[in-house]
Every structure is written in structure tokens, then in C-alpha cells.
Amino acid sequence: MKILVPVKRVIDYNVKVRVKPDGSGVDTANVKMSMNPFDEIAVEEAVRMKEKGVATEIIAVSCGTVASQETLRTALALGADRAILIETDADLQPLAVAKLLKAVVDKEQPQIVILGKQAIDDDANQTGQMLAGLLGWAQTTSASKIEIANGRATVKREVDGGMETVETSLPLVITTDLRLNEPRYATLPNIMKAKKKPMETTNPAALGVDVAPRLTTLKVVEPPKRQGGGKVADVKELVAKLRGEAKVI
Amino acid sequence: MPTLILADHDNASLKPATLNAITAAQQIGGDLHVLVAGANAGPAAQAAAQVQGVAKVLHAEAAYLAAPVAENVAATIVALVKAGGYSHVLAAATGFGKSVAPRVAALLDVAQVSEIISVVSADTFVRPIYAGAAFATVQSKDAVKVITVRATGFDAAPATGGTAAIETIAAAPDTGLTKVTGQELTKLDRPELTSARIVISGGRGLGSGENFKMLEALAEKLNAAIGASRAAVDAGYVPNDYQVGQTGKIVAPDLYIAIGISGAIQHLAGMKDSKVIVAINKDPDAPIFQIADYGLVGDLFELVPQLTAELG
């Protein structure tokens, strides 16, 4: 069984993001980039499925500029077998990405597509669900435990009130949540081996997909700054201030 | 053209976030139709009909909607939109709404706008990006706008005073793709995290699930909800639905008390719109103190019991 793992190159989660004063967006020049943390979890899960003998081949795919090759090499170093870069400079939004991924799914015929539940840059949380809709497949979002057996999946999901267990047939789109697994680190030997694993490059035109963005960003601003740093000496003062000054209790 | 709102409910009543989504819909304009899809969902439909500003409630009833799955709910919404001429489809940005809305958007071949915090006009909205480090104003030119609404960005519409008609409609057939076979829902004998007026949140500093009982005593006194940082959930101190943060719950209570929480950006993303923030931490350099209105440096194992006692 093939597993497709879409991965996204995003600003590293440790970076303190800066908004450009001209309102055009966030400053990404010379900023550390990494694989979206939720996608790392997806790669790890796919690799574990292969180690268990559930999957035979893991294909990593990324959509974006040629710099995304770095992210794909990381996926290969973590255990993916081959990679596909869908190269474009276009401003990609989830609907376009879902359509690009559908084109890859139609060609590669994986039984499972597993990806992060959201990217930490746009915080959209849409691509997996959109892909499942376009494919007419089952979707299990925010997965925290996955079991595949006899062509069926049993997935434990994080939901608003706690946990939910669902059963689906394959093929299936799964989006990963934080506690699904703890990703391994790429070892140096695996990083070296990854350089020799196949990486194919294609583009939206070749896949017959129109990636023109549907949403226009008019401006990007910083949120109003919150005044903080107030201190109290002890519990008595805290309670007095919460009652008398803030009036919240 | 009217707006369709997907109600988040448990068949017996509406989830509070639905009321905030209804306010967002009112700001967009147009008649409001609320879809209640469920099994034995009459009470939830009644509740929706009483919300001020709702023109019509569409009640789709089917046994397979008792524990609804996104595939089936999305199918029902898509059928309604294709038949009924809706310009907007809204859902609260709960886990449920977020699993359904994008699938609906893709099936309608339109973009989806996630977690709006304000409405600028019928086609322009503001939403947070980069864990709330920036606000983006986005405009959609699609014929149907599919939107999820961050509850903390809007007041709740009044739950009584409305007199909408309830119309029974057919649910889309069971897609048969996914079935819910089990649920482990946290039993709550205190206010729910996303709608509580006061939230007490524990972090890694608590050290164990057992120590969260100390927070429960404080929560009792204040009739507060209990939340947690990602670190506390990852460590297994509390269940996952307690997590407040960029990828967990977003809350904006009147009072947020962060105990043993360092204040990582990803946690702040989930609570920085709280009216008043209190922080208790033994590390005077913890980032949480930078946004706290009242910071108390010290050992939480001494200070929390003292605070509980001081509250009488």
C-alpha cells in the first residue's frame, strides 16, 4: 500500500514573526524555515506504518518554490522513499493545494494520504478536508491514534469534548494532531542516504491545475499590543486588585 | 441572499459558539437560516428558533446523524446550497465546524476563510495568522463564501426572543464513509472552557495530574473552567480537550489565571484576548509575565492554596 505524505515548508515555530510596516505581509527574508511540525508527525506516522509492514512505499510531496526541496529531503531522511516537488512561485491557497494533491493521488493511487491538520503559518486547517472532499474519500481529522488492518482504519480523534473513535474504509485522508506520535530525528547516515533517493519535479500546468488564488489579502497588521508586566506582592494584594480594580471577581 | 449557519449542538441544546457565529452572520447581512442536523434534535432546533435574528431553522433528522461525521454533514450542506441560493455558509470554528467547512468549500469549488475575528463587509474579513502574531484582512470574490467563525471575536446573539419557523428537511443520504464507534467525552461538573467567565489554566509547573486537583479547588471557589498548556496535556496531566493555544482551544474569558505556565507564543495565541490575565510562576523571567496584568512570582504549590483560602 502506498502512503502519500504532503509536507509544507513554513517559518520555524521558534521564530518571532515580524509584520512588515507597509502592511504587505510577514517578513520571511533570512528567516529560519522548517517542515511544518504537524507534517513531521505525519511523516513519522507513515514511516511507522511502513516499519509495521502496513505500507510498502512512502511518497512525500510538497507544493511551492524550489526551496521546498529542502523540506522534501528532510522527509526522505526521516524515511520517505521518494519525493515529488510541485514547483510554483504562485501564492498557493488550500483549495489550489488540494487540487494539486488530487492530481498526484489520481496518478499515484495511494490508499492513505496523511498530512498535518494545519500549517502554523496560515493556521487554515483546510487542505486535508478539501482533498478528501474533492476525492470523495473518508476523512479523519485531528488523529491521535491510527490502526490499519484488513483494508479498514480505526482512528482515535481529538474532538471538542474529548476523544472520538471512528472506523472508516480505505482510501482515507488523515490529518494529524500533536499527540499522534513524537517524530524521530533524522540521523546523519539517513540524511546522506536521502540525497540519493528519487526526487521528481513537476508543476501546476503539467498537472492541469489552475492555482490562481481565490482570496486576496488586502493588508496584514500587528494585533493591538497588550500592556502587561503588572506585578503584585502577594495573594492578598492579588485578590484585592481583582475585586477592587479589575472587578472580575 | 440568505446565509446558512451550521449549528454546533448535541441534539439537546446549542453549543455556545453557535450564538457567536450567528452574530457574525448578522454583521454580514442577509436572512439567517440555521441548519440543525442530528438525531432526535428537536430540542436543539427549538433552541435555534429562539435565537434573536434567526429567520428560519432547517431541521435535518436522521439516525446516522446521531454522532455526525463531516462527510454526511457536508453532503447535506452542499445539497442545501446548490438548491437554495445561499451567498454565505458559516460555522463556528469548533473542531466540528472546522472539519466540515473546508469539505463543503471544496465540494462547491470555493475558498474557505478560517477563524474570522471580524467582519469588514460581506466579502471582506479579518483573521489571525502565525498563531495570532498578525491579522490578515482577506477578500473573497467567490460566489459562495464559506467561513468559520472564531467565537471569541463576536458577542453571543441573545438566546431568547427569536421566533423563527422550523422547517423539516431531508438529510443527504448516509455517505457510508465513516462511522463513530466510540466517544470519550470529558464529564464536566464545571463551566465549559470556551464559554466560561473565568478560566484557571495549569502548565508543566503543576508536575502531575494529581496536582491539578489543587486547581480544581480554586476553580470551585470561582466557578471557573480548567484549561491547560500543551506541555501539561502532552505530559498526560489532563485530557487533550483542556489544551488552550494555537492548535487547541481559543478562549477570551473575563479572567484567565495562568499557573505554572511559561507563556510560549503558541499558548498566548489561545488566551491573549482575555480581559484580565493573572500569572503565577516561580520564574520571574517567564514570558507570561509580559502580558499579565497581575503577575505573582513564587511557588505555585504555596500560592495556589493561599489564593483558594483568601477567596473564602
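The structure is a predicted model, in which local features need pLDDT of at least 70, side-chain atom pairs count only at pLDDT 80 or more, and totals for chains, interfaces and linings use all residues. Residues are numbered from 1 along each chain as its sequence is written, while chains are lettered from A and ligands numbered from 1 in the order in which they are written. Helices (H or I, at least four residues) and strands (E, at least two) are DSSP runs, numbered from the N terminus.

**Where the two chains meet**

- The contact between the chains draws 73 residues from chain B and 63 residues from chain A, where two residues are in contact if their C-beta atoms, placed from the backbone, lie within 7 Å.
- On the side of chain B that touches chain A, helix 4 (residues 95–107) of chain B gives the largest share, nine residues.
- That side of chain B is made up of 36 nonpolar, 21 polar and 16 charged residues, with Ala, Val, Leu, Ile, Met, Phe, Trp, Tyr, Cys and Pro counted as nonpolar, Asp, Glu, Lys and Arg as charged, and the others, Gly among them, as polar.
- Strand 12 (residues 215–221) of chain A and strand 8 (residues 134–140) of chain B run antiparallel and are joined by six bridges, and A:Lys219 stands opposite B:Thr137 of that strand 8.

**A sheet with strands from both chains**

- An open sheet of 10 strands has the order 11(A)-5(A)-4(A)-1(A)-6(A)-10(A)-7(A)-8(A)-9(A)-11(B), with mixed pairing; two strands pair if DSSP finds at least two bridges between them.
- Its edge strands are strand 11 (199–202) of chain A and strand 11 (178–185) of chain B, each of which pairs on one side only.
- Neighbouring strands of this sheet are turned by 30° against each other on average, direction ignored; axes are lines fitted to C-alpha atoms, for helices over the stretch in contact, and angles run from 0 to 180 degrees between N-to-C directions.
- Within this sheet, eight bridges link strand 8 (residues 152–159) of chain A to strand 9 (residues 162–169) of chain A in the antiparallel sense, and A:Thr154 is found opposite A:Glu167.

**The seven-stranded sheet of chain B**

- A second open sheet, with parallel pairing, has seven strands of chain B in the order 5-9-4-1-2-3-10.
- Strand 5 (112–116) and strand 10 (165–169) of chain B each have a single partner strand, so one side of each is left without a neighbour in the sheet.
- Strand 2 (residues 32–38) and strand 3 (residues 56–61) of chain B run parallel and share six bridges, with B:Gly38 having B:Glu61 as its bridge partner.
- Helix 2 (residues 42–49) of chain B packs on the sheet, where it touches strand 2, strand 3 and strand 10 of chain B, and its direction makes about 165° with that of strand 2.
- Helix 4 of chain B also packs on the sheet, touching strand 1 (3–6), strand 4 (88–92), strand 5 and strand 9 (145–149) of chain B, and its direction makes about 170° with that of strand 9.

- Strand 15 of chain B is joined in parallel by five bridges to strand 14 (residues 255–259) of chain B and by four bridges to strand 16 (residues 294–297) of chain B.
- B:Met271 lies in the loop between helix 7 (265–268) and strand 15 of chain B, and B:Met271 is buried, with 26 other C-beta atoms within 10 Å.
- Leaving aside neighbours within four places in sequence, B:Met271 is in contact with B:Val244, B:Val251 and B:Tyr256.

Methods
Buried ≥ 20, exposed ≤ 12 C-beta atoms within 10 Å, placed from the backbone.
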